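Let's take a walk through this one together, a piece at a time.

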Amino acid sequence: MKFHIVTFGCQMNVHDSQWLARALEARGWEQAEEDEASVFVINTCSVRDKPEQKVYSELGRLARHLKRDPQMFAAVGGCVAQQIGKGFFNRFPFVRLVFGTDGIANAPNALERLAEGAEERVALLDFVDLYPERELAADGTVTMPGTRQAFVNIMQGCDNFCAYCIVPYTRGRQKSRKPDAVIEECRALANKGVRELTLLGQNVNSFGMDSGGTGVSFAELLREVAAIDGIERLRFTTSHPKDIADEVIAAFGELDNLCPSLHLPMQAGSDAVLKKMRRKYDMKRYLGIVDALREVRPDISLTTDLIVGFPGETDEDFEQTLAMVKRVGFESSFSFKYSDRPGTASVNMEPKVDPEIAQSRLQRLQELQNTITKESLKKLEGRETTVLVEGKSRRQEDSAVSWRGRDPAGRVVNFTSRRDGLTGMIVPVRIAQAKKHSLVGERTGEPW
Ligand code: SAH
Ligand code: SF4
Ligand code: F3S
């Protein structure tokens, strides 16, 4: 059976798709290009209206293939699947499986039954109370052989109910994974040669603070993972400012392999807006975290998420967001226009911001960010660093091979080398030049 997976959304979705692909391969299925596949899986995102609409257009597009052969079918997973559920069956006759994130653990078996023609349609949409452990390969991992970077889920769901956000409805309540299961998977990955781990969850800082908790905090989990032999780079995402513990901040000064970067969604720079968003922190607290982080790790690279045009956002509120973005000096940020999501509290909040005003705010914010990004990358010129090589870059020069990788803070660095086979290696480089969104490095030593 040949399958093709299309993924939208966050890293959790990317990881879910990787897991699903491995689980299907373990059943003898084969990953294939769109033209060759007979089973299509779309892993969806519902965080704003735009990604949700993309799902329908993608299904419309895939319908052309699916009409070739009545045996072919599609499955829809992830956040839109949870939101729309069996509604997909009515709209798209070729959709035969819908599964949410709690249901994904059973998706491979369901796909197998459907492919054998045993069942017509399956919906895996129930939420569960505890983290559903997923099957792993015989070696205890879900990665491809030779992979040096891996994601590890530490929790699922979210309990925060920020006023604008659909995630608590699509991913259900927060469910922490058992610390032993996390550590075991991390160890197995390290044994397989993985050097960089990213711990994943919607709000990793509240790890263990739910019915799945065992008393182990996120800071403790982080220490245990950092101590695993062979793990040279450790990251985690996402962090909620209200829950980041002093011990986690301190860890940035204490754990050498904890990478000097943190994605810390700020959302807005005005306390009034933060309050309406139900974020449960104010800018004093946020800036306190930033200063504490920089004190223990002066080179830390901070990135963020921002929403413009939240209901009731005034010009003054927006000016404060600009001022705070400048004050913190985020190296980069994801910024979005507020989008009404079904069932969330902010749908009923008034007044809505005029879409044109929201658009012009977004533009101003992004222009400011581009300037700050440029300045902060420029400051890195001349610095020595290391690059974990991810592969060849598209641009090839002369006889030298052009490589692409990331520095410890996660910035993209391109460099050339006459050597082949550098993927997965950690190479010392000096930053020669800052580009708009990436860096150009020069190798600093033999034998690279
Ligand atoms: N758990 C993560 C965020 C997940 S959603 C966290 O709390 O940081 C990713 C980002 O999408 C959010 O940080 C927010 O900036 C944006 N977002 C979420 N809902 C949105 C909405 N209704 N409109 C616009 N942006 C939204
Ligand atoms: Fe959404 Fe807030 Fe949960 Fe993040 S913390 S997923 S923004 S509800
Ligand atoms: Fe999107 Fe769901 Fe992730 S809404 S951002 S895929 S949690």
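A residue counts as near a molecule here if one of its heavy atoms lies within 4 Å of it. Keep in mind that you're looking at a predicted model. With that cut-off, the residues around ligand 2 are Cys158, Asn160, Phe161, Cys162, Tyr164, Cys165, Val167, Pro168, Gln202, His240 and Arg279. Sort that shell around ligand 2 by class and you get seven nonpolar, three polar and one charged residues.

The assignment for the protein chain lists domain 1 (2-124), domain 2 (149-378) and domain 3 (384-443). How far apart are the C-alpha centres of domain 2 and domain 3? They lie 27 Å apart. The two domains do touch: 15 residues of domain 2 are in contact with 19 residues of domain 3.

Before moving on, have a look at Arg22, which sits in helix H1 (residues 11-25). Is Arg22 buried or exposed? Its relative accessibility is 17%, and buried means under 20%, so Arg22 counts as buried. Leaving aside residues up to four places away in sequence, Arg22 touches Gln31, Val142, Thr143 and Met144. Arg22 and Ala137 are 115 residues apart in sequence, yet their C-alpha atoms are 7.9 Å apart in space.

Next, the sheets. One is an open sheet of three strands, ordered E7-E10-E11 with parallel pairing. Strand E7 (149-153) and strand E11 (233-237) are at its edges with a single partner strand each, so one side of each has no neighbour in the sheet. From one strand to the next, the twist averages 20°.

Strand E10 (residues 196-200) is joined to E7 by five bridges, and the two run parallel. Along that pairing, Gln149 stands opposite Glu196, and Ala150 has Leu197 as its bridge partner. Five bridges also join E10 to E11, again in parallel, with Glu196 partnered by Arg233 in E11. Helix H7 (residues 179-191) lies across E7 and E10, and its direction is at about 170° to that of E7.

How enclosed is E10? Five of its five residues are buried, so the rest of the structure largely encloses this strand. In a regular strand, side chains alternate between the two faces of the sheet. You can follow that here: Glu196, Thr198 and Leu200 point one way from E10, while Leu197 and Leu199 point the other way.

There's another open sheet of three strands to visit, with the order E12-E13-E14 and parallel pairing. Its edges are strand E12 (261-263) and strand E14 (332-337); each has a single partner strand, so one side of each is left without a neighbour in the sheet. The twist in this sheet averages 10° from one strand to the next. Strand E13 (residues 301-308) pairs with E14 in the parallel sense over six bridges, and Thr303 finds its bridge partner in Ser332 of E14. Helix H13 (residues 355-378) packs on this sheet, touching E13 and E14, and its direction makes about 175° with that of E14.

Finally, some backbone details in the loops. The peptide bond from Thr237 to Thr238 is cis, with omega near 5°, and Thr238 belongs to the loop between E11 and helix H9 (246-254). Glu350 and Pro351 are also joined by a cis peptide bond, with omega about -10°; Pro351 sits in the loop between E14 and H13.

Gln267 isn't a glycine, but it has a positive phi of about 70°. You'll find Gln267 in the loop between E12 and helix H10 (271-276), and at 8% relative accessibility it counts as buried. Arg278, likewise not a glycine, has a positive phi of about 60°. It lies in the loop between H10 and helix H11 (283-296), where Arg278 is partly exposed, with a relative accessible area of 43%.

Terms used
Residues are numbered from 1 along each chain as its sequence is written. Chains are lettered from A and ligands numbered from 1 in the order in which they are written. This is a predicted model: local features need pLDDT of at least 70, side-chain atom pairs count only at pLDDT 80 or more; totals for chains, interfaces and linings use all residues. Side-chain values use heavy atoms; hydrogens and water are left out. Two strands pair if DSSP finds at least two bridges between them. Helices (H or I, at least four residues) and strands (E, at least two) are DSSP runs, numbered from the N terminus. Axes are lines fitted to C-alpha atoms, for helices over the stretch in contact, and angles run from 0 to 180 degrees between N-to-C directions. Contact means heavy atoms within 4.5 Å. Ala, Val, Leu, Ile, Met, Phe, Trp, Tyr, Cys and Pro count as nonpolar, Asp, Glu, Lys and Arg as charged, and the others, Gly among them, as polar. Buried means under 20% relative accessible area, exposed over 50%, partly exposed in between (1.4 Å probe, protein chains only). Domain bounds come from an automatic or database domain assignment.
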